[in-house]
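Let's take a friendly walk through one protein model. Have the sequence and the 3D view open as you read.

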Amino acid sequence: MLNVPPQSFPSMSSQQRVAPSGQPRNKVALKPGHSLMDWIRLTKSGRDLTGLKGRLIEVTEEELKKHNTRNDCWTCIRGMVYNVSAYMDFHPGGEEELMRAAGMDGTDLFDQVHRWVNYESMLKECLVGKMVVKASTVLKAQPTKKENTHVNGLTPPPPVLPEPAAVPLPAKDHRPRYDWFQTDETVTIVVYTKRKIPNSGCSVVDLQGNILRIEILLGSWSYLLHWSLSQEVEEIVATKTVSSVGKIQVCLRKVANAKWTQVGQPLESHDSFIRSKDRGLFYRDCVLVSKKEVTHDTQLFCFRLPPGTHMHVPVGRHVYLKASIQGSDVIKPYTPVDEVLMPQKKTVSSDIYLMVKVYPDGLFTPHLDSLNIGASLSISSPDGPFTLRSLRDVTHLYLLAAGTGFTPMTRLLRLALQDLSSVRKTKLMFFNRQEMDILWHSELEQLCTEEERFQVEYVLSEPSGSWMGRRGQVDATMLQGFLERPEDSKCLVCVCGPTGFTELAVQLVRQQGFSEEEIHAFQG
């Protein structure tokens with residue numbers, strides 16, 4: 001019997017965290033009785049899914065190559081071999097995608113096209129055993145290259161992982177550094193980022209017991225400080241950001257007025273500066289404190305961060321929610337919104353607001369909707385490729401949203417209208433089925449009357465007879481009049497919605513003459 005080591009999902013070099021431009025995942029229609037829930041039931045039925053009657057074996061490269069057919073399909077992921085034959089009809093990407101890794105190492109392909117499924121949990125009953133050679137020596141499945149359409153995907157995060165051995169770093173002068181000082185009552189850690197940072201801050205601080213973790217998000221880079229503290233501190237953490245000089249202060253209050261000789265014992269990845277996509281995300285348990293109906297099928301959930309956590313989610317970034325459902329970890333990305341469309345106060349909040357459409361036949365959202373006030377859910381640190389640099393000097397901001405693809409647009413709207421003096425016009429085209437599906441409808445109408453730089457157009461695919469607005473689905477004619485390009489303007493078009501909508505909208509925007517740098521597509 002093999003001693004099976006825990007696996008990392010995804011690997012540190014994985015492209016899953018941010019899908020490559022132009023490579024949205026292809027989905028197929030699953031047969032009735034082949035949903036994720038049905039697969040979970042099958043794995044718990046006691047059926048032998050490996051054909052080995054519960055034995056784990058050592059697999060050679062020669063043996064792996066033999067199992068390369070539809071009904072006998074083995075693949076290797078990070079040195080572990082799985083028999084995925086039974087999973088063929090349950091795979092959202094279809095049989096063809098799985099067969100590309102049949103009888104070979106599918107790690108690279110897996111990392112590139114899969115989104116949120118935790119393969120360890122989902123395929124644990126399909127585990128054949130361990131490769132007896134390094135996976136790099138096994139024939140590898142090659143991902144299909146597609147045309148670059150600049151579609152940035154939302155994808156699932158890994159748990160905390162070891163950092164890669166070699167990562168290219170920026171010039172040394174740009175590397176953040178830290179210092180610390182103390183009084184009789186406090187210990188203060190000061191991070192010098194060596195660049196201007198947002199007024200709202202860019203730090204994620206977690207104090208859990210005696211463990212302090214400080215992550216500074218700097219564009220596409222992440223700087224981490226990680227200690228087991230020398231002595232006990234109070235649970236509350238105070239932070240201060242001086243944006244003009246790029247300085248962040250984290251203040252801890254001592255329980256005992258004793259002199260510290262050091263902050264603490266450095267832990268894994270302490271004082272590391274790597275690309276954010278290579279950093280395993282960190283989760284903390286948050287408490288559901290309120291739930292409010294937005295429309296007939298959409299709720300606004302409010303989760304409170306732990307007392308020792310300070311976390312600001314940058315505009316355009318998302319978080320991951322993780323829950324154990326029928327014994328399997330399910331992870332889904334959601335983009336936080338503010339409590340209201342245009343909040344007047346810019347205060348640091350300990351609450352995370354999520355606008356979520358509940359699908360009665362889904363797996364994750366019914367679980368989320370069933371949580372009682374006071375229940376806990378794991379929420380990750382912020383993730384995603386969007387940076388405020390995309391908005392630099394933009395004069396015309398265009399937002400194309402379908403359904404809950406509206407959520408990343410809400411904070412973009414607030415930022416553009418309240419903080420970006422360069423933006424002369426912000427226009428939203430909002431696609432829904434019926435009028436009752438329009439999220440924050442009255443708030444959008446009020447904003448139109450109060451803000452002359454903002455304009456919204458609604459498009460309904462199944463309108464009532466009395467609807468006076470636009471009808472249909474996104475097309476070239478609809479966008480021609482919407483996407484203006486005045487002289488001396490700098491434009492940015494943001495798109496978010498279901499995969500089909502996003503792909504079509506990006507294609508149509510490009511046909512209007514907008515460049516890759518002028519398009520950002522969130523994909524959920």
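Two strands count as paired if DSSP finds at least two bridges between them. The helices (H or I, at least four residues) and strands (E, at least two) used here are DSSP runs, numbered from the N terminus.

A quick word on where this comes from: it is a predicted model, where local features need pLDDT of at least 70, side-chain atom pairs count only at pLDDT 80 or more, and totals for chains, interfaces and linings use all residues. Residues are numbered from 1 along each chain as its sequence is written, and side-chain values use heavy atoms, with hydrogens and water left out.

**Strands and their partners**

Let's begin with β16. In its pairing with β17, K291 has F301 as its bridge partner. These two strands make a hairpin, with two residues between them. β16 also pairs with β22, and there V287 sits opposite S376.

| Pair | Residues | Bridges | Direction |
|---|---|---|---|
| β16 and β17 | β17: 298-304 | seven | antiparallel |
| β16 and β22 | 283-295 and 376-380 | five | antiparallel |
| β8 and β13 | 186-192 and 247-253 | seven | antiparallel |

**Two helices**

Now for α7, residues 407-418. The expected span of a helix is 1.5 Å times one less than its number of residues. With 12 residues, α7 should span 16 Å, and its end C-alpha atoms are 18 Å apart, which agrees.

Is α7 mostly covered or mostly open? It is mostly covered, as 11 of its 12 residues are buried (under 20% relative accessible area; exposed is over 50%, partly exposed is in between, with a 1.4 Å probe and protein chains only). The buried ones include T407, M409, R411 and L417.

Y119 counts as buried because its relative accessibility is 1%. Although Y119 and D329 are 210 residues apart along the chain, their C-alpha atoms are separated by 9.8 Å.
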